[in-house]
Amino acid sequence: MAFAGKYELESQENYEEFLEVIGLLSAKTDHKVVTEVAQDGNDFTWTQTIPNWTWSNKFTVGQECELATMTGAKFKAPVTMEGGKITIQFPQYHFTAEIIDDKLVMTCVTPGEKGVTFKRINKRI
């Protein structure tokens, strides 16, 4: 699946609820997040940007990789791809990304009874 490209936030669901559950409600922004994905086979560089903040991770599908959370905390996790969907278990949520109708759809699901499903749909720019 080809993920490479530059995308801009088009719509999102449960954004504030997600930030509250992971303790980052103070990071809420009204800026449109731009996601840039560079892909060389199974090697990815995934970068999200808003004014005055950038978050980037490099990873290889099929390997355990050292990644960073939105706050910069480092962790290790396997990165998998199944059925064209990238999957990563972050410390506080389960992340998936896939291309649907040429749009980058990212979903973060927090665990537990009060789990929140945060979904972002990004259009190619």
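Is Pro51 buried, exposed or partly exposed? Pro51 counts as partly exposed, because its relative accessibility is 47%; here buried means under 20% relative accessible area, exposed over 50%, and partly exposed in between, with a 1.4 Å probe and protein chains only.

This is a predicted model, in which local features need pLDDT of at least 70, side-chain atom pairs count only at pLDDT 80 or more, and totals for chains, interfaces and linings use all residues. Residues are numbered from 1 along each chain as its sequence is written, and side-chain values use heavy atoms, with hydrogens and water left out.

## The sheet

Helices (H or I, at least four residues) and strands (E, at least two) are DSSP runs numbered from the N terminus, and two strands pair if DSSP finds at least two bridges between them. In this model, 10 strands form an open sheet in the order 4-3-2-1-10-9-8-7-6-5, with antiparallel pairing. Strand 4 and strand 5 (64-68) stand at the edges with a single partner strand each, so one side of each has no neighbour in the sheet. From one strand to the next, the twist averages 25°; axes are lines fitted to C-alpha atoms, for helices over the stretch in contact, and angles run from 0 to 180 degrees between N-to-C directions.

Strand 3 (residues 43-50) pairs with strand 4 (residues 53-60) in the antiparallel sense over 8 bridges. Within this pair, Asp43 stands opposite Thr60 in strand 4. Strand 9 (residues 103-109) and strand 10 (residues 117-124) also run antiparallel and are joined by 7 bridges, with Met106 opposite Arg120 in strand 10.

## Loops and positive phi

Pro51 lies in the loop between strand 3 and strand 4. Pro51 and Val34 are 17 residues apart in sequence, while their C-alpha atoms are 9.8 Å apart in space. The hairpin of strand 3 and strand 4 has 2 residues between the strands, and Asn52 there takes a positive phi near 70°.

Most residues other than glycine have a negative phi. Asp102 lies in the loop between strand 8 and strand 9 and has a positive phi of about 65° although it is not a glycine. Asp101 counts as exposed, because its relative accessibility is 71%, whereas Asp102, at 43%, counts as partly exposed.

## Pocket and cavity

Rolling a probe the size of a water molecule over the atoms shows where empty space is left. On a 1 Å grid over the protein atoms alone, a cavity is a set of points where a 1.4 Å probe fits but cannot get out, and a pocket is an open set with protein on both sides within 12 Å along at least five of seven lines; lining residues have an atom within 4 Å of a point. Grid points are joined across faces, edges and corners, and a volume is the space filled by probe spheres set on the points.

The largest pocket holds about 390 Å³ of space. It is lined by 20 residues, of which Leu19, Trp53, Trp55, Met70 and Arg120 are the closest to its centre. Helix 1 (15-21), strand 3, strand 4, strand 9 and strand 10 each supply at least two lining residues, and helix 1 gives the most, with 3 residues.

A search of the whole structure finds 1 cavity of 30 Å³ or more. The largest cavity has a volume of about 100 Å³, and its lining includes Trp46, Gln48, Trp55, Phe59 and Phe95. Strand 4 supplies the largest share of that lining, 4 residues.

The table sets out both linings by class; Ala, Val, Leu, Ile, Met, Phe, Trp, Tyr, Cys and Pro count as nonpolar, Asp, Glu, Lys and Arg as charged, and the others, Gly among them, as polar.

| Lining | Nonpolar | Polar | Charged |
|---|---|---|---|
| Largest cavity | 7 residues | 3 residues | no residues |

## Cysteines

A disulfide is counted for a pair of cysteine sulfur atoms within 2.5 Å, and by this rule the count comes to 0 disulfides. The sulfur of Cys65 is 17 Å from the closest cysteine sulfur, in Cys108, and is therefore too far for a bond. Cys65 is buried, with a relative accessible area of 8%, and Cys108 is buried with a relative accessible area of 8%.
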